[in-house]
Amino acid sequence: MTTAITNGDIILEFSYLLSAIFFVVGLKLLSNPETARRGNLWAASGMLLAMITTIVLHRNADGESIRVANLVIILGAIVLGGIFGALVARRIKMTAMPQLVSIFNASGGAASALVALIEFSNPENESALVTLLGLVIGSIAFSGSMIAYGKLDGRIKDLFSRWLTYVNLLILAGILFLLVLVLVSGMPFETKQTLVYVLLAVSLVYGVSFVMPIGGADMPVVISLLNSFTGIAAAMAGFIYQNQAMILGGIFVGAAGMILTLLMCKAMNRSLINVIIGAFGGGGAGVDREKGIVKEISVTDAAVMLNYSSRVVIVPGYGLAVAQAQHICSEMDQLLEANGVEVKYAIHPVAGRMPGHMNVLLAEADVPYEKLVEMDEINPDMPKTDVVVVIGANDVVNPAALDDPSSPIYGMPIIKVHEAKNVIVMKRGMGKGYAAIENYLFYADNTRMLFGNAKDSLQKLVTEIKAL
Amino acid sequence: MEGILQFFFSNKETIFIIALTIFLGLEVISNVPSVLHTPLMSGANAISGVIIIGGIILVGHADLANLSEGSHLLNLVLGIFALLFGTLNVIGGFVVTDRMLEMFKKKKK
């Protein structure tokens with residue numbers, strides 16, 4: 001049944017157009033440090049506009065507006081979800097940020113899957129293809145993000161074996177088969193309905209088995225990829241309602257997420273396929289080369305070395321984040337600067353558990369933006385650097401990536417700290433890094449180890465430097 | 001196959017827009033300093049919560065008078081969950097992105 005177009009309908013569509021423009025402008029502004037915060041507000045305003053106009057003006061195919069009783073339920077759910085989301089987002093520690101983004105992405109995926117599931121049983125919905133695609137993609141994004149969360153939080157260990165790759169291909173084939181079966185066969189609706197639940201279950205399983213074998217070090221790439229999936233799933237749901245704001249917003253985020261994923265892969269010098277299928281971690285014994293001896297350094301010696309050098313570069317890694325050492329690190333930096341030492345931070349594109357993770361943490365500790373130097377810019381200066389302090393980073397400074405073709409990380413660009421005059425590595429113990437690869441940097445002649453929790457070590461260093 | 005072609009034809013305007021939107025998305029993001037990857041991912045994630053509109057439409061037009069009929073009640077409950085999850089994604093996403101970016105701003109003084 002079609003009803004005459006009213007002014008409300010026109011205003012609604014126009015507001016969707018505005019929302020889509022707000023999303024694009026928002027993301028554009030978000031990609032520049034100067035305007036990023038404004039960009040986020042633009043995107044949020046676009047969303048608010050679309051929500052309000054939908055609530056007030058949306059009419060179904062019979063021309064009915066949203067009733068008051070339904071309105072109460074909608075507002076209740078929004079207020080509840082909103083308060084909870086805002087509270088979690090405000091309270092969470094900066095170090096747990098990647099986990100939180102995974103959780104939010106999982107809930108977006110779940111919402112898309114639920115909408116698709118309900119709409120499949122709606123007889124007025126004629127686009128079964130997009131509905132099912134939304135269901136599959138949304139479910140994969142949901143369960144995959146939950147596994148990514150578990151890995152980032154250290155609750156789930158990597159599970160890799162060759163056969164899992166084949167199992168995954170098999171599940172994927174199963175999903176395609178079910179999709180085609182439901183779409184083209186002439187079976188009764190009840191049977192299809194049951195098959196759709198099977199499809200939902202298989203998709204959820206696929207999300208798990210897809211992320212399970214991917215190494216924890218690659219989680220940033222996975223989250224970005226799943227983020228792109230969530231966008232696409234939302235766009236599919238948008239097709240069901242012929243809703244331009246959903247279609248445009250979803251596809252736009254899907255494309256943006258995809259390019260961000262590829263940029264991250266590029267930063268690690270690996271292809272997306274290699275990340276998804278390639279084995280990472282464990283195994284890769286590599287050539288057995290001559291290990292030197294590990295040499296420790298005392299806190300006092302380290303303090304003297306730092307205080308009397310002219311150029312110091314700090315290489316932060318996940319260890320800094322885990323130890324919550326960003327503030328004390330910034331304090332040491334300020335002390336050294338006051339004593340005439342030039343201090344810079346070398347940021348590897350995939351340091352931490354998320355690209356830009358280190359930047360966010362250091363910004364929280366009031367480290368000026370200009371002091372954070374990207375890998376490619378700082379590498380040529382390494383031979384001129386007196387002391388490099390590696391705080392809880394491992395794989396991103398492993399020289400095996402440059403010269404050991406048998407190493408699993410061979411070819412990944414690294415920060416060439418081994419070229420500096422002296423290297424101090426702060427580490428809890430001699431354990432291997434996230435990718436579980438031996439690091440020959442620790443045995444090099446110009447390397448000294450400072451064992452202990454990064455925060456404690458830095459605290460002691462600060463005390464020593466003050467005493468000098 | 002015929003279904004897919006039919007789908008393409010009846011949605012051709014939208015599909016044109018989608019093709020262009022993909023290029024727009026690639027173009028807007030392709031030149032981003034890695035400093036901003038995390039906030040950008042988080043902001044994009046919040047936008048993907050646009051599925052919340054679907055949740056509003058679903059719950060908004062649910063027939064509250066005939067809940068006992070068929071799977072109406074189940075659908076309403078699932079719809080409310082979709083709305084809850086969507087809001088969590090949208091509000092949480094924008095708030096956390098703002099929190100990250102707030103820090104970038106502070107140090108500039």
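This is a predicted model: local features need pLDDT of at least 70, side-chain atom pairs count only at pLDDT 80 or more; totals for chains, interfaces and linings use all residues.
Local features need pLDDT of at least 70 and side-chain atom pairs count only at pLDDT 80 or more, while totals for chains, interfaces and linings use all residues. Residues are numbered from 1 along each chain as its sequence is written, with chains lettered from A and ligands numbered from 1 in the order in which they are written.

**View 1. The fold of chain B is built from five helices and zero strands.** Helices (H or I, at least four residues) and strands (E, at least two) are DSSP runs, numbered from the N terminus. Read from that end, the pattern of chain B is α-α-α-α-α. With a radius of gyration of 20 Å, well over the 13 Å from the globule rule for 109 residues, chain B is more spread out than a compact globule; the radius is taken over C-alpha atoms, and the rule is 2.2 Å times the number of residues to the power 0.38. Along its principal axes, the C-alpha trace of chain B spans about 60 × 35 × 15 Å.

**View 2. Here chain B meets chain A, with 80 residues of chain B in contact with 93 residues of chain A.** Contact means C-beta atoms, placed from the backbone, within 7 Å. On chain B, helices H1 (2-10), H2 (12-29), H3 (37-47), H4 (52-60) and H5 (72-106) each supply at least two residues of the side touching chain A. H5(B) gives the largest share of that side, 30 residues.

Terms used
Two residues are in contact if their C-beta atoms, placed from the backbone, lie within 7 Å.
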